[in-house]
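I opened a new page for this chain today. Here is what I looked up, in the order I went through the model.

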Amino acid sequence: MEHAKSNVRGTHEHGYAVINAYHYMLEVANPGSKTTLLLDENGRFKHFFVSYAAWITDFQEMRKVIVVDGTFLRSKYEGVLLSAVAQDAENHIFSVAFCVVDKECDASYEYFFQI
């Protein structure tokens with residue numbers, strides 16, 4: 001079963017190996033988006049932040065309250081997905097940004113809030 005999943009979805013190793021290319025293509029395909037990729041001194045993944053241009057533009061129409069939450073990623077490499085959402089005038093939830101970080105700690109949240 002795992003072999004079939006990796007054939008369809010790819011492996012975690014491959015995903016992390018091509019993250020630089022994904023980061024570049026994300027910026028090319030979505031001009032005006034804010035993306036940052038941070039690697040440690042050994043070239044290993046630490047943080048990846050994304051806020052699409054459409055989200056940035058449409059945030060001007062949202063209520064100015066942002067809710068931030070994190071959830072643990074359950075995979076071989078683990079990590080945490082941080083997300084920021086807002087609410088529009090009709091009470092619909094609207095994504096503002098997300099960030100995948102290596103672990104949940106003050107430094108990860110600081111990185112997310114400063115970007």
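**Entry 1: ground rules.** Before looking at strands, I noted that two strands pair if DSSP finds at least two bridges between them. Helices (H or I, at least four residues) and strands (E, at least two) are DSSP runs, numbered from the N terminus. The model is predicted, with local features needing pLDDT of at least 70 and side-chain atom pairs counting only at pLDDT 80 or more, while totals for chains, interfaces and linings use all residues. Residues are numbered from 1 along each chain as its sequence is written, and side-chain values use heavy atoms, with hydrogens and water left out.

**Entry 2: the overall layout.** I found five helices and five strands, and along the sequence they follow the pattern α-α-α-β-β-α-β-β-β-α. The C-alpha trace spans about 45 × 30 × 30 Å along its principal axes.

**Entry 3: the sheet.** In what order do the five strands form the open sheet? I read E1-E2-E5-E4-E3, with antiparallel pairing. Strand E1 (34-39) and strand E3 (67-72) are the edge strands, each pairing on one side only. On average, neighbouring strands are turned by 15° against each other, direction ignored; axes here are lines fitted to C-alpha atoms, for helices over the stretch in contact, and angles run from 0 to 180 degrees between N-to-C directions. I then followed strand E2 (residues 45-51), which is joined to E5 by four bridges. Phe48 has Val100 in E5 as its bridge partner.

**Entry 4: helix H3.** Helix H3 (residues 19-29) lies across E1 and E2, running at about 165° to E1. Which residues of H3 are buried? I listed Ile19, His23 and Leu26, where buried means under 20% relative accessible area, exposed over 50%, and partly exposed in between (1.4 Å probe, protein chains only). These residues are on the same side of H3 because they cover an arc of only 65° around the axis; the arc is that of the directions from the helix axis to the C-beta atoms. Tyr24 and Ala29 are exposed on the face turned away from the buried side of H3.

**Entry 5: the cores.** A nonpolar core is a set of buried Ala, Val, Leu, Ile, Met, Phe, Trp, Tyr and Cys residues joined through side-chain atoms within 4.5 Å. The largest one has 14 residues, and those with the most contacts inside it include Phe49, Leu82 and Phe112. Strand E4 (80-87), strand E5 (93-101) and helix H5 (106-114) each give two or more residues to this core, and E5 gives the most, with five. Apart from it lies another core, of seven residues, among them Ile19, Leu26, Phe48 and Val50.

I also checked Leu82: leaving aside neighbours within four places in sequence, its contacts (heavy atoms within 4.5 Å) include Asp69, Ala97, Cys99 and Phe112.
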